[in-house]
Amino acid sequence: MIFNGIIIKNKAKESGLTLLRLAQELSVSRQTVNSWIGGAVPRGQHLIKLCSLLNVKPGYFFTEPTESLISVPLHRTIRNRAVTALMRESSQNLAEQYLNLFRQAPTVSVLQVVRVQKRIPENAKVIAERLRKLSGVDEGKPMDYGSAFRLLADLGIYAVFRLFPDSLKKNSYAFYSRIAGQRIVFVNIDTNVLDLIFQLLHETVHAVRDEEPGAIDIKEEEDFCDMVSELTQFPDFYVDMVARAIAETTVPAIIINHLKKVSKEYAHSLWGLYYRLKHKGLDLKEIDVGGAATNLNKDFPTLRDILFSKNEPRHYVDTLYALSPRFMKLVAEQVPDCSLRKFGEWLGLEGSSIDAKAVMNEIARRKAQA
């Protein structure tokens with residue numbers, strides 16, 4: 001059984017006790033109470049007196065094992081590399097850092113889920129059209145990273161930005177997880193925004209399909225999610241427009257330059273457009289876009305570049321709210337009661353040049369003005 005310290009905070013509020021008052025009644029420091037809320041187990045007379053103050057039995061604070069509350073169902077890797085046991089373990093460990101936070105997230109009575117019986121192109125197109133309509137992106141335009149993040153928020157999916165450990169960042173830009181009944185997409189902040197769009201859409205499809213890995217063919221599911229993601233990012237109108245433009249020439253250099261031009265104009269991966277055209281049926285065997293795609297990425301920032309572009313708390317917080325409003329609203333509810341260490345961990349501030357306390361103060365200021 002796992003000690004669920006969040007219950008202390010909730011029951012204290014129900015009883016009309018502030019956490020400071022609770023600490024005084026227990027003859028402990030406020031920091032000690034915060035550590036209990038974070039998962040440390042109060043011992044001996046502290047636990048007995050705590051139960052007496054909150055009018056509960058000791059067993060009330062203990063819940064089912066962490067493993068049953070957290071899952072990383074599926075994992076789309078870079079270039080479809082094999083998912084290793086170390087990757088699964090690293091994903092699980094990262095998700096576990098957020099268990100107590102997501103236990104406090106409001107319960108969603110109806111989660112938006114889209115399931116189809118067959119993984120066929122017609123059904124992929126149906127899901128893609130629903131997602132594009134929900135995102136609000138212009139009918140004939142490809143999705144950029146901003147519209148991909150808005151789609152996550154509109155679907156009730158939390159986006160969490162972190163620096164991935166080495167075992168993950170070499171193989172994955174993002175991954176989908178379920179934590180305490182909530183749907184979350186973890187995003188590696190060192191990912192170029194052009195590469196990120198397709199990955200975000202892929203994990204979004206996993207979230208709305210909400211399939212159990214043990215009940216499906218994982219490769220078929222990954223391939224189907226890829227198909228839906230391509231159709232969501234690049235609508236037929238846009239792809240047909242590009243196809244007509246490059247059909248006017250057979251010179252590879254001219255074709256590559258045009259693909260790079262439109263990719264830059266609409267802020268999406270050149271590789272993504274290339275594969276969408278191939279899957280549409282165009283013969284691009286003689287077209288090598290590798291060098292152009294690499295050069296194009298140099299013109300666009302990573303997510304880290306965007307978050308820390310001004311290296312000051314207000315801009316950082318404003319950017320987080322713009323890209324991940326649901327997550328930031330949940331974090332703001334914990335300010336100032338959570339520990340500074342845990343707060344910095346949630347926001348992935350370890351190793352950054354921005355002070356976690358300054359960020360916490362900025363969130364508190366914004367919360368007070370809301």
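**View 1. Ser27 sits exposed in a loop.** Ser27 is exposed, with a relative accessible area of 64%. Here buried means under 20% relative accessible area, exposed means over 50%, and partly exposed lies in between (1.4 Å probe, protein chains only). Ser27 belongs to the loop between α2 (19–26) and α3 (30–37). Its phi is positive, about 60°, although Ser27 is not a glycine. Helices (H or I, at least four residues) and strands (E, at least two) are DSSP runs, numbered from the N terminus. This is a predicted model: local features need pLDDT of at least 70, side-chain atom pairs count only at pLDDT 80 or more, and totals for chains, interfaces and linings use all residues. Residues are numbered from 1 along each chain as its sequence is written, and side-chain values use heavy atoms, with hydrogens and water left out.

**View 2. Asn55 lies in a loop between a helix and a strand.** The loop runs between α4 (44–54) and β2 (62–63). Asn55 has a positive phi near 60° and is not a glycine. Is Asn55 buried or exposed? At 70% relative accessibility, Asn55 counts as exposed.

View 3. Pro336 is in the loop between α18 (325–332) and α19 (340–346).

**View 4. Four strands form an open sheet.** The order is β3-β5-β6-β4, and the pairing is mixed. Two strands pair if DSSP finds at least two bridges between them. Strands of a sheet pair through backbone hydrogen bonds, either parallel or antiparallel. Which strands are at the edges? They are β3 (70–71) and β4 (158–162), and each pairs on one side only. β3 and β5 run antiparallel, joined by two bridges. Ile70 has Ile179 in β5 as its bridge partner. β4 and β6 (residues 182–188) pair in the parallel sense over five bridges. Ala159 has Val185 in β6 as its bridge partner.

**View 5. Strand β5 is covered on both faces.** β5 spans residues 174–179, and six of its six residues are buried. Ala174, Tyr176 and Arg178 are on one side. Phe175, Ser177 and Ile179 are on the other. β5 pairs with β6 in the antiparallel sense over six bridges. Ser177 stands opposite Ile184 in β6. The hairpin of β5 and β6 has two residues between the strands, and Ala180 takes a positive phi near 50° there.

**View 6. Phe327 and Leu347 have the most contacts inside the largest nonpolar core.** This core has 73 residues. A nonpolar core is a set of buried Ala, Val, Leu, Ile, Met, Phe, Trp, Tyr and Cys residues joined through side-chain atoms within 4.5 Å. Helix α10 (residues 193–209) gives the most to this core, with seven residues. Contact means heavy atoms within 4.5 Å. Not counting residues up to four places away in sequence, Leu347 touches several residues, including Phe161, Tyr316, Phe327 and Ile363. A second, separate core has 24 residues, among them Phe234, Tyr238, Ile246 and Tyr274.

**View 7. The whole chain has 20 helices and six strands.** Its radius of gyration is 23 Å, close to the 21 Å that the globule rule gives for 370 residues, so the chain is as compact as a globular protein of that length. The radius is taken over C-alpha atoms, and the rule is 2.2 Å times the number of residues to the power 0.38. Of the 370 residues, 51% count as buried.
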